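Student: I would like to learn how to read a few features of this model with you. Could you take me through them one at a time?

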Amino acid sequence: PKVKEIWATVPSAAATEKLEKDYNLPAVRSSRTIEVVFTKNSRKGMPRRGDHNHELAEIRKKRKDMSGPLQEQAVFLKDKGDAFFRNGDFLAGVNAYSEAVQKDEEMVQCYSNRALCHFQIAEELIGQGKSPKILHHLRTCRSDCSTALALLENRKNLELTKDNRNKCTLKCLLLRSKISERLGEIQPAILDLGKSLNLMGKKDRAFRILEERLLGLDALTRTPVAKTPIHELIETITNGDTKIGDIAIRLYPLEPMVRILRSERLAETESEEAIKDATLALAALDQDSTHDANHKETSALLESLKRVKDRQHLRSRAFAARARGYSMLNQWSRAQEEFKSALELFPTHPGLQKATERAELMIRANGYLRRASSLYSRHQFVKSSRSLTAFLKHIPLPTAHIGVLCNRAGCWLAVKRYDDCIRDCTRALQLHDHLSKKEKDNKINTIDIKVKSWLRSAYVRRGTAFCWKGSPKEGMEDYKTALRWQEEIERKEPWSEEGMLLKEDFYMISTSNMKATV
């Protein structure tokens with residue numbers, strides 16, 4: 001019934017035709033083609049001015065391009081670049097300053113600020129261990145400084161006060177001298193420092209620092225090392241002369257062999273510096289050895305490549321040196337990547353194969369330890385002990401087993417399994433004694449502060465377990481031994497919260513033991 005009601009309201013075809021005749025609708029219009037032509041315009045929102053474009057261009061150039069839309073003004077782009085620089089986005093700052101320079105070629109602050117951005121990018125790449133484009137950013141930084149100084153010297157009608165002009169000139173001179181020193185061009189660095197001192201005038205603390213730096217560079221050029229051929233210096237450094245190596249790396253900062261030798265020497269003591277040296281060595285090796293023959297660093301690279309029979313072996317040594325630095329910082333994933341890169345370049349090297357396998361082993365070991373630590377923090381002590389047990393079964397690192405046994409003893413202590421805690425602590429102490437006897441043969445560092453903290457924890461946990469089991473005398477003996485190890489630790493770390501807590505526990509246990517005796 002509802003469907004019939006709906007159809008009853010729909011008008012019929014005859015009624016529709018009658019309605020159309022009554023309204024006298026007009027006929028349908030015929031179609032035709034409309035052609036629309038747009039004029040070319042480089043500026044958004046501005047119409048084309050016919051033959052007066054060249055006049056407008058001259059006017060806008062004289063008015064510092066302040067008549068266009070805001071997004072295309074050089075001043076606006078410079079402010080954007082300054083904001084990017086303050087936020088640490090140096091690559092975006094370079095792009096903003098480059099756009100500003102295209103709008104106004106005389107904006108000297110953009111050149112100086114863009115140079116600083118390139119310098120910061122190079123520093124970040126060195127810190128991250130990324131060798132490509134380091135030298136490109138350093139040379140672009142020097143080029144921008146030179147362009148800014150040329151504008152400041154030749155253009156007297158720049159919209160800068162005398163104070164701002166001097167500040168900009170001083171900033172460019174100091175930055176260019178630093179880059180020249182990084183690239184091994186000592187004489188240009190000395191000239192720029194001399195100009196900076198003349199421009200400063202005021203003999204304050206900054207003046208004295210720059211003066212000392214200038215005198216140091218001048219003395220560096222007068223040393224006998226500066227007159228020694230580079231191949232003789234490399235032989236001397238290879239024989240273990242570290243002082244000559246430090247002087248040579250200032251004279252030839254982009255000589256790959258000098259950088260690699262110092263990186264290998266500093267890998268275990270100053271890992272971060274070793275990584276930087278290896279990165280700069282790879283940057284020098286990655287550059288095109290045939291371009292820009294006027295640079296000293298390129299000529300030094302060519303001389304180095306003539307001495308090295310296989311360039312791939314030199315790159316392999318740089319990767320291996322950087323990998324050892326990462327391994328000392330416990331960054332085993334990065335170390336594994338570097339060892340694999342070195343192994344690809346020198347696949348027959350037996351030491352690289354062993355180092356790569358050890359890095360893989362350490363990555364697996366850290367996985368077990370992270371899982372155990374996560375479970376322990378969530379009070380899942382039994383599951384944490386299982387992860388540590390898997391470490392003991394699958395990771396053949398005897399020295400690390402001392403710490404793992406101590407940690408598993410902590411899990412047993414938390415669930416009141418005192419016999420298991422005592423057994424693991426005893427095993428850890430026995431393992432340390434066993435490794436100490438073979439220290440000379442296996443070269444195991446058993447006096448490391450980390451090992452000392454493990455031993456202290458083993459005695460503390462075993463002593464606590466003895467006390468809870470009702471054997472306070474054995475517990476007191478272990479606490480006394482733990483205090484002796486704490487004294488050894490405090491020789492390198494004068495104060496620690498663990499030491500204070502250990503002394504408080506010892507006092508409480510000794511007091512309760514005396515009361516029980518009375």
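Tutor: Gladly, starting with Asp419: at 49% relative accessibility, Asp419 counts as partly exposed, because buried means under 20% relative accessible area, exposed over 50%, and partly exposed in between (1.4 Å probe, protein chains only). This is a predicted model, in which local features need pLDDT of at least 70 and side-chain atom pairs count only at pLDDT 80 or more, while totals for chains, interfaces and linings use all residues. Residues are numbered from 1 along each chain as its sequence is written, and side-chain values use heavy atoms, with hydrogens and water left out.

Student: Which side chain meets that of Asp419 in a salt bridge?

Tutor: A salt bridge is a side-chain nitrogen of Lys or Arg within 4 Å of a carboxyl oxygen of Asp or Glu. Here the side chain of Lys469 meets that of Asp419 (2.6 Å, N to O). Lys469 belongs to helix H24 (residues 449-469) and Asp419 to helix H22 (residues 418-437), so the pair ties together parts that are 50 residues apart in sequence. Helices (H or I, at least four residues) are DSSP runs, numbered from the N terminus. Lys469, at 45% relative accessibility, is partly exposed.

Student: How many salt bridges does the structure hold?

Tutor: There are 22. One of them joins Arg114 and Asp144 (2.9 Å, N to O). That pair links distant parts of the chain, with Arg114 in helix H6 and Asp144 in helix H7, 30 residues apart. Arg114 is buried at 14% relative accessible area, and Asp144 is buried at 3%. There is also a network of salt bridges linking Asp246, Arg259, Arg262, Arg265 and Asp277.

Student: Is helix H14 mostly covered or mostly open?

Tutor: H14 (residues 256-266) is mostly covered, with 9 of its 11 residues buried. Among them are Arg259 and Arg262, both members of the salt-bridge network.

Student: What lines the largest cavity?

Tutor: The general idea first: rolling a probe the size of a water molecule over the atoms shows where empty space is left. On a 1 Å grid over the protein atoms alone, a cavity is a set of points where a 1.4 Å probe fits but cannot get out, and lining residues have an atom within 4 Å of a point. In this structure, the lining of the largest cavity consists of Ile126, Leu135, Leu138, Arg182, Leu254, Arg259 and Leu280.

Terms used:
On a 1 Å grid over the protein atoms alone, a cavity is a set of points where a 1.4 Å probe fits but cannot get out, and a pocket is an open set with protein on both sides within 12 Å along at least five of seven lines; lining residues have an atom within 4 Å of a point. Helices (H or I, at least four residues) and strands (E, at least two) are DSSP runs, numbered from the N terminus.
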